[in-house]
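Open the model in your viewer and keep the selection panel at hand. The stops below take you through it one selection at a time.

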Amino acid sequence: MSEEDSRLGFETRAIHVGQRPDPRTGSVIPPIYATSTFAQDGVGGLREGGYEYSRTRNPTRTALEECLASLEGGRHAQAFPSGMAASDVAMRTMLRPGDHIVIPDDAYGGTFRLVDKVLSLWGIEHTPVHQADLAAVRAAVRPNTKVIWCETPTNPLLAVSDVSGLAAIAAEAGAKLVVDNTFATPYLQSPLGLGADVVLHSTTKYLGGHSDVVGGALITSDDELNDQFAFLRNAAGAVPGPFDAWLTLRGVKTLAVRMERHSDNAERVVEALLGHPRVQRVYYPGLLEHPGHEVAAKQMRRFGGMVSFTVAGGEQAAQNVTARTKLFILAESLGGVESLIEHPHKMTHASVAGSELEVPDNLVRLSVGIEDGTDLVQDLLQALS
Ligand SMILES: *Cc1c(COP(=O)(O)O)cnc(C)c1O
């Protein structure tokens with residue numbers, strides 16, 4: 001990001017950084033460079049931008065990366081074909097056999113699976129910790145801890161951890177702090193500004209925002225780390241195609257207005273669920289009684305569109321609610337304009353059943369979309385009745 005860009009507001013950067021009109025044709029929108037290779041003017045004579053081969057770099061991807069770096073307040077971004085591909089490159093860059101990583105005790109299921117079932121085969125050790133408790137994180141750090149991996153708010157229990165507190169622990173331990181900022185998005189929370197070394201995104205969720213593309217990203221201001229990410233991405237080949245990059249960039253332009261509306265609607269849904277006789281507990285960082293509320297209020301602009309709640313009557317009662325909504329679609333994933341509902345125990349978090357990351361079996365998770373809030377509340381009330 002240039003000096004000048006960094007002074008622009010978030011909404012302006014989302015629409016303009018990396019996306020100025022094409023100088024040759026005037027195309028207002030960055031073209032989809034559907035090409036695998038680039039002509040050279042003599043051996044090694046690369047043209048403007050230094051493009052050579054699309055696994056290494058592609059102009060549509062560059063447009064997305066410049067924009068994402070700017071939104072997170074970072075110097076660099078690398079785009080990936082999925083959030084998990086980004087996590088894989090981040091972990092394999094920063095961890096070697098014999099190293100140790102601290103992860104949240106309700107980490108995204110796929111993140112836990114990658115650490116527990118894949119990286120463990122290469123001799124990487126992990127400890128799940130309730131990261132809202134900084135003392136517990138400090139206690140979990142070992143001499144071989146190289147990464148503290150944080151999600152805040154977490155999925156699906158929306159626990160909040162103090163990013164600056166974690167950054168201090170990581171710095172003291174000589175470890176890197178990675179924050180998975182998928183739930184909050186850069187509009188609501190800026191982990192790099194709070195001391196994180198790396199921000200990770202599943203751009204599949206709010207950044208893309210329309211449930212039509214899978215992607216991921218790593219953002220950092222650490223030049224050396226970024227070079228290592230770029231090296232492994234190119235060496236191992238985990239790159240998104242230009243159309244995917246373009247779709248994600250189109251979604252990013254409206255991130256700010258969408259996040260405001262997601263937050264408005266989530267607040268209305270929370271209000272309707274609170275005190276409902278069939279609802280036992282509502283998990284939302286915006287609630288004063290949420291254990292992480294104070295920290296969330298300090299590090300987040302608003303509290304986002306994710307809401308979870310437990311239903312009286314156990315697992316079947318929870319599943320019944322997910323079966324009865326008409327607008328909330330029963331599906332995995334989150335962060336799209338449309339509202340989704342799911343049963344984490346049997347769906348998104350099925351892979352952690354029986355582990356220390358297991359979630360309550362009567363939990364329902366909502367990704368509150370940007371439809372008419374009154375319609376969403378009505379839909380939930382009829383499903384609960
Ligand atoms: C979805 C998700 C991921 C994984 O991203 P994919 O794009 O599905 O590979 C990682 N972290 C969080 C918090 C997620 O919600």
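A polar contact is a pair of N or O atoms within 3.5 Å; within protein, one must be able to donate a hydrogen and the other to accept it, and residues adjacent in sequence count only if both atoms are side-chain atoms. This is a predicted model, in which local features need pLDDT of at least 70 and side-chain atom pairs count only at pLDDT 80 or more, while totals for chains, interfaces and linings use all residues. Residues are numbered from 1 along each chain as its sequence is written, and side-chain values use heavy atoms, with hydrogens and water left out.

**Stop 1: Glu65 and Arg233**

Select Glu65 and Arg233. Their side chains make a polar contact at 2.8 Å. Glu65 sits in helix α3, residues 59-72. Helices (H or I, at least four residues) and strands (E, at least two) are DSSP runs, numbered from the N terminus. Is Glu65 buried or exposed? Glu65 counts as buried, because its relative accessibility is 12%. The cut-offs for relative accessible area are under 20% for buried and over 50% for exposed, with partly exposed in between (1.4 Å probe, protein chains only).

Now show what Glu65 touches. Leaving out residues up to four places away in sequence, its contacts are Ala77, Gln78, Ala79 and Arg233. Contact means heavy atoms within 4.5 Å.

Asp227 belongs to helix α9. At 52% relative accessibility, Asp227 counts as exposed.

**Stop 2: the ligand**

Which side chain puts a polar atom 2.7 Å from an oxygen atom of the ligand? Lys205 does. Next, look at the backbone. A backbone N or O atom of Gly83 is 2.9 Å from a ligand oxygen atom. A polar backbone atom of Met84 also has an oxygen atom of the ligand at 2.9 Å. On its own, the ligand has 380 Å² of accessible area, and the protein covers 92% of it. Areas come from the Shrake-Rupley method with a 1.4 Å probe; for residues, only the protein chains shown count as cover.

Stay here and pick Ser202. Ser202 lies in strand β6, residues 198-202. Its relative accessibility is 12%, so Ser202 counts as buried. Beyond residues up to four places away in sequence, Ser202 touches Gly83, Thr182, Gly215 and Gly216.

**Stop 3: backbone angles**

Go to the loop between β4 (145-151) and α7 (163-173), where Pro153 lies. The Thr152 to Pro153 peptide bond is cis, with omega near -10 degrees. Pro156 lies in the loop between β4 and α7 as well. The bond from Asn155 to Pro156 is also cis, with omega near 5 degrees.

Select Thr185 next. Its phi is near 70 degrees, a positive value in a residue other than glycine. Thr185 is in helix α8, residues 185-188. Thr185 counts as buried, at 1% relative accessibility.

Then jump to Ser211, in the loop between β6 and β7 (216-220). Phi of Ser211 is positive too, near 50 degrees. At 48% relative accessibility, Ser211 counts as partly exposed.

**Stop 4: helix α13**

Select residues 314-324, which form helix α13; Ala317, Ala318, Val321 and Thr322 are buried there. Look down the axis: the buried residues fall within an arc of 140 degrees, so they line one face of the helix. The arc is that of the directions from the helix axis to the C-beta atoms. On the other side of α13, Gln316 and Ala323 are exposed.

What covers the buried residues of α13? The cover includes strands β9 (306-311), β10 (329-330), β11 (340-342) and β12 (363-367), along with helix α14 (373-384).
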